[in-house]
Amino acid sequence: MWKKRIGALVLLVIAVGIGYFVYWSEVTGKRPFKLGLDLSGGTYLLYKVDVSKIDPKQIPDIMDSLPGFIEKRISQKETAGALGVLEANIHTETTSLAGNQVEYRVGIELPGVTDVKKAEDIIGKAPFLEFKVENPDYKKIDGKDQVIELDETAIKNGTLDLSTALEKYSPYKSIGFTGQYLANADLQFDPNTHAPSVGLTFNDEGAKLFEKLTGENIGKTIAIYLDGQLIESPRVNQKISGGKAVISGNFTPVTARDLVNNLNHGALPVPISPISTDVIGPTLGSHAVNAGILAGLIGLIAIAVLLIVWYRLPGFIATLTLGIYGVVMLALFKLIPVTLTSAGIAGFIISLGMAVDASILIFERVKEEMHTGKSIPESIHLGFDRAWNAIRDGNISSLISAAVLFFLGTTLIKGFAVTFGLGVLVSMGVIVVVSRAFLYVVAGLGNGRIKRFLFSSGFSK
């Protein structure tokens, strides 16, 4: 019995220490909670998407895939925390301009980031990588590059725009083979000259396209452009299989490493250029946040009163356990860290409700065992064992749902999935370990009428 009491006391001391850490870190500002855009405000970035060189039929697919590429950059662990969740909200939009022209845009909301420069650093330099083939329309006049004046009349009449003319008479033409097909980039060094280069590995679709591209251009050059600038134009001697290529431009080790990092962070399928950057305030406002905290406290107090009135001493233990569960979750939110939004807080509250459900299942099982005449310690032991299967199965199904939401959901949904899944895991540990330890201590070895009354529930004696 003394071992159980000492173990329960150690758990209580640890819980108090965790609670003090949460309080101390928030008061001193050493490790404050990371709040989402709806709670703390942040930065809104608006970019123009350049689709001038994209086949109009491919524009919808490009716009649908663009948020994923940008989110890949934002969700890098070094910028978004250990879980890679920054709660960024990325959306695309189409804007009508004068002259029946359409402009494609992408908006990015970064919560908790009010420094404009920091916001731009998070997005980083998103390189636009593109492979081009030789342009059969390109010619040279007197050994010089052909000039666009050959279509000067068409340009003036408006039947040929300047960008189309430049593309038409460029030595290379676009074929739609861009960084969207890139799977990975790595830094390499020539074994003889030790010159740095950048190795490219394409995804499955990109590998097939690259094999076809090189096979159709044997004896010709393929140009590699980065952000619209020609890096190099190697000659193709044979069809290249395996989905690998090497860029051996005029790199230094530093510039090659930076290019590798930028490409791995997400080479965009189309170029984007900034339109505006705004610092915005919290959408819920401080009043709504305070009202939400007050509502949460009232809800917790109501649950505690109900548990204590109906389940008596086990209800008090459950209330104490829920308090420990709460401080453990808050500490994890700080240590991971997790960006808290209204959706994330909702996930936390739902997991709290599941913890209460687990306690009720255990208490009802304990009561059933007591009605058969068993002692209180024996009833607690059997009650936990027989309730565990239902608790385990329910929590596993919840964890599966959280995993599906995290891997397939949008960024905002991921925030909910993280807090909900984390809450389910912690609740299982706290309920099974802490609640059982405290119940065994207060149960003792006796079986008196007062003790049985304290361990009964409802209107039973």
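## Basis of the values

Local features in this predicted model need pLDDT of at least 70, side-chain atom pairs count only at pLDDT 80 or more, and totals for chains, interfaces and linings use all residues. Residues are numbered from 1 along each chain as its sequence is written, and side-chain values use heavy atoms, with hydrogens and water left out.

## An open sheet and a helix across it

Helices (H or I, at least four residues) and strands (E, at least two) are DSSP runs, numbered from the N terminus. Two strands pair if DSSP finds at least two bridges between them. In an open sheet, 4 strands follow the order 3-4-2-14 with antiparallel pairing. Strand 3 (89–97) and strand 14 (272–280) are the edge strands, each pairing on one side only. On average, neighbouring strands of this sheet are turned by 25° against each other, direction ignored. Angles run from 0 to 180 degrees between N-to-C directions, and axes are lines fitted to C-alpha atoms, for helices over the stretch in contact.

Between strand 2 and strand 4, the antiparallel pairing covers 8 bridges. Helix 3 (residues 59–74) lies across strand 2, strand 3, strand 4 and strand 14, and runs at about 25° to strand 4. Contact here means heavy atoms within 4.5 Å.

## Salt bridges within the sheet

Side chains of opposite charge can pair when their charged atoms come close. A salt bridge is a side-chain nitrogen of Lys or Arg within 4 Å of a carboxyl oxygen of Asp or Glu. The structure holds 9 of them.

One of these joins K48 and E103, whose closest N and O atoms are 4.0 Å apart. This pair links distant parts of the chain, as K48 lies in strand 2 (residues 42–49) and E103 in strand 4 (residues 101–111), 55 residues apart. K48 is partly exposed at 36% relative accessibility, whereas E103 is buried at 11%; buried means under 20% relative accessible area, exposed over 50%, and partly exposed in between (1.4 Å probe, protein chains only). R105 in strand 4 is the bridge partner of K48. K48, E103 and R105 are also linked in a network of salt bridges.

R365 and E368 form a salt bridge with an N to O distance of 3.7 Å. Both lie in helix 11 (residues 342–371), 3 residues apart, which is about one turn of the helix. R365 is partly exposed at 34%, and E368 is partly exposed at 43%.

E369 and K374 form another salt bridge, at 3.3 Å from N to O. E369 is buried at 5%, while K374 is partly exposed at 24%.
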